Amino acid sequence: MLSRSLPRRRVTADLHGVWRAFGTAAARQSKTPSMGDINPSRAQIDSFNRKQAQFREMLVEAQKEQGARALAANNFSASETSGQGSSETDAGVTAEASKHETDRKPNVLSNLIYGTKEGREMEAQIQASFSQVLARGKYVHSIVFHEVKPDRVDEYMALVGHYYPKIANLPENKVHLVGSWRVEIGDCDTFVHIWEYQKYEGYHQSRYSITHHPEFADFDSELKLLINSKHISLMQEFSFWPTTPPRQLGGIFELRSYTLHPGNLLEWEFHWRRGLEARREVMEGVGAWFVQIGELNTVHHLWQFANLEERRERREKSWSVEGWSDTVHKTVPLIQSMKSRILVPMPWSPVA
């Protein structure tokens, strides 16, 4: 989580002073943000790219600082111990598979039994990551979809825009609001919210704290009058793609949702672990999650672009990056269905 912790503390500290201002402004706001509010000019694209570069530089500096601290801690630990023993990693398992490569004769029969060398390496990495997928990282995320009644959108904006920043800013709730968006293209009048918790225990504690907040009952009663439906799934982020800390780059977002054939999640992760490196060269990712409770076999990827034309150009550039076409070729057969939504951020969204 090197790309997450330090920048989040820095940026969140700056945001604390404006949370309540956001809530107050949202309560007075009568116009729901839309793509029509986003300037598609070249100047805005340059501004987006400049902010993106500055944000990535900040993450690199944070990684260096945390890396230096981790190295110092490891050196100290090594001086206190004999240095025997180590935890098994994906790389270690892959190396073990390579070590035994010479023990297998490369004939037709062995290929039928063991597969190709590349296949064995993939199998080793999949086996190594199986336990990690079941309990990956320190965060659990929820993705919440509110289908709002078309004639109650402004009221919804005022209600949620006041309440969500408030509960996210209360330390006792132990919850972080990743972001809030409205669907511009796709399921119109639908709002998407992503929350972050400290594992499942933190999710339960947060839900308990929020439910017993003195304002929750009134909020919940009002919310039920404004929406047609609510869908919640609990997710975990892929270890190779940590969720971004708060940032304000501007532009639009794309939420791509994939329903995989059952049993293909680990293979999907294996190929995307490589494919993301190619995509990062031309596109700005926000996060990627797989559902653990709710709509199972579902994966969500969230991307950010200056505008729709930039989205088209950057997606086309991806095909010129080595490794991306191979990722697409190997992951398409794993997909049962897929969906794309274009989102615009809400005024109170930490990621916007």
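## Ground rules

This is a predicted model, so to speak of local features a pLDDT of at least 70 is needed, side-chain atom pairs count only at pLDDT 80 or more, and totals for chains, interfaces and linings use all residues. Residues are numbered from 1 along each chain as its sequence is written, and side-chain values use heavy atoms, with hydrogens and water left out.

Helices (H or I, at least four residues) and strands (E, at least two) are DSSP runs, numbered from the N terminus.

Two strands pair if DSSP finds at least two bridges between them.

Take E2 (residues 175-185) and E8 (residues 335-345): they run antiparallel and are joined by four bridges. Ile-185 stands opposite Ile-342 in E8.

How many of the ten residues of E6 are buried? Eight of them are, so E6 (residues 284-293) is largely enclosed by the rest of the structure. Buried means under 20% relative accessible area, exposed over 50%, and partly exposed in between (1.4 Å probe, protein chains only).

On one pairing, E4 (residues 227-237) is antiparallel to E6 and joined to it by four bridges, with Met-235 opposite Val-291 in E6. Another pairing links E6 to E7, also antiparallel, through six bridges; there Gly-287 has Leu-302 of E7 as its bridge partner. E6 and E7 form a hairpin with four residues between them, and Gly-294 in the turn has a positive phi of about 125 degrees.

## H6 against H8

The axes of H6 (residues 153-169) and H8 (residues 216-226) come within 10 Å and cross at roughly 155 degrees. The two helices are therefore roughly antiparallel (over 145 degrees; under 35 is roughly parallel, 65 to 115 roughly perpendicular and the rest oblique). H6 passes H8 in a left-handed crossing, a label used if the near helix is turned anticlockwise from the far one by less than a right angle, with clockwise being right-handed.

In contact (heavy atoms within 4.5 Å) are Glu-155, Tyr-156, Leu-159, Val-160, Tyr-163 and Tyr-164 of H6 with Phe-216, Phe-219, Glu-222, Leu-223 and Leu-226 of H8. By class that gives nine nonpolar, no polar and two charged residues. Ala, Val, Leu, Ile, Met, Phe, Trp, Tyr, Cys and Pro count as nonpolar, Asp, Glu, Lys and Arg as charged, and the others, Gly among them, as polar.

## H9 against H11

H9 (residues 265-279) and H11 (residues 324-331) pack at about 155 degrees with their axes 8 Å apart, which makes them roughly antiparallel. The H9 side of the contact includes Trp-268, His-271 and Trp-272, and the H11 side includes Trp-324 and Lys-330. Sorted by class, this contact has four nonpolar, four polar and three charged residues.

## Two loop residues

Most residues other than glycine have a negative phi. Lys-174, in the loop between H6 and E2, has a positive phi near 50 degrees, and at 52% relative accessibility it counts as exposed. Asp-189, in the loop between E2 and E3 (190-198), has a positive phi near 65 degrees and is partly exposed at 23%.

Technical notes. Axes fitted to C-alpha atoms, helices over the stretch in contact; angles between N-to-C directions.
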